[in-house]
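Welcome! Take a moment to look over the structure below, and then we will walk through it together.

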Amino acid sequence: MDLLNLKEVKKYFPIGRKKTLRAVESVSFGIKKGEVFGLVGESGCGKSTLARLILRLIEPTMGDINFMGIDIPKASRGELKKVRKNLQIIFQDPLASLNPRQRIIDAVGEGLIINKIVPKHMVRDRVVELLEKVGLSSDALNKYPHEFSGGQRQRICIARALAVNPLLIVADEPLSALDVSVQAQIMNLLINLQRERGLSYLFISHNLLAVQYICNTVAVMYLGRIVEMAPTDHLFSRPMHPYTEALLSALPRPEVSERRQRIILRGDVPSPVAIPSGCPFHPRCHRKMDTCTTINPELKKLSDGRWVSCHLWN
């Protein structure tokens, strides 16, 4: 049974009186306990909106989001408290997600107090333990967010997420604001914590190499839809959707002898306010057919277990 399950989730934002921005369109997938599920795609494709829907920071227009048997959009206040204890998020910008007037001991310890995980007199010791787990010392306790580097702030955010012993962490672009060397440290930290605690992650990123390194399963989003979903090694060794092919063709290769033809996508990403008819990717697709301009392909499961939304395989 999936720890988190999404079924036909949609999120529309009205713009003015007559227009609608379709940020997320009919997204379905599941995440099992202990799994690292990657979500990739260009900026603006709906990844972060989906993360906020899962946390119920915003309400879905339609669809089911089920976590631990609880229907999140319909959850009561008591059920939602249980969900949020077991479902945490690491935001993209660690500085923006930390209160600038709150000391680190209060930022990390707040969840411990609210959820009554440890008695108040033990909060300090527990926060020190969490900070040490992410590579920081007790010297950080009484400091403020602006006194730390970007990598250190992200470690504090990870400690804050771990404080309530969650089952699933949504990591929304946790590496994008960091230097490359720091990115590697944070990735290794996330992997080590996942192995130690049996955590599940929804790892959202546009960094394909990071996704390949850390994830078990990967879903590719385009204009609010999932166009391909497969085990990581299958997707990276044999992409089947033309959009996935184009994304992976841009990856740098360490072997000089290995040459891969770069697929250049023509034109810009269409607006989610005016999504093209047929397959949304067809205006930029290098393998489009006549049927692509009129019929939107369904996301279907193939014989090898992957899911693809493309007329080439349907």
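In which kind of crossing, left-handed or right-handed, does H5 pass H6? In this predicted model, the crossing of H5 past H6 is right-handed. Let's look at that helix pair, and then step back to the chain.

**How the two helices sit together**
- Two packed helices are described by the angle between their axes and the distance between those axes.
- Helix H5 covers residues 150-162 and helix H6 covers residues 180-197; their axes come within 10 Å and cross at roughly 15 degrees.
- Angles under 35 degrees count as roughly parallel, so H5 and H6 are roughly parallel to each other.

**Who touches whom**
- On the H5 side, the contact is made by Gly-151, Gln-154, Arg-155, Ile-158 and Leu-162.
- H6 brings Val-182, Gln-185, Ile-186, Leu-189, Leu-190, Leu-193 and Arg-197 to the contact.

**The chain as a whole**
- You can find 9 helices and 12 strands in the secondary structure of the chain.
- The C-alpha trace spans about 70 × 50 × 40 Å along its principal axes.
- A compact globule of 314 residues would have a radius of gyration near 20 Å, and the chain's 21 Å agrees with that.
- Of the 314 residues in the chain, 50% are buried.
- Take the contacts between residues at least 6 apart in sequence: 62% of them join residues at least 24 apart.

Note on methods:
Residues numbered from 1 in each chain as written. Predicted model: local features only at pLDDT ≥ 70, side-chain atom pairs only at ≥ 80, totals over all residues. Heavy atoms only, no water. Axes fitted to C-alpha atoms, helices over the stretch in contact; angles between N-to-C directions. Helix = DSSP H or I, 4+ residues; strand = E, 2+ residues; numbered from the N terminus. Parallel < 35°, antiparallel > 145°, perpendicular 65-115°, else oblique. Left-handed = near helix turned anticlockwise from the far one by under 90°. Contact = heavy atoms within 4.5 Å. Rg over C-alpha atoms; globule rule 2.2 N^0.38 Å. Buried < 20%, exposed > 50% of the residue type's maximum accessible area, 1.4 Å probe, protein only.
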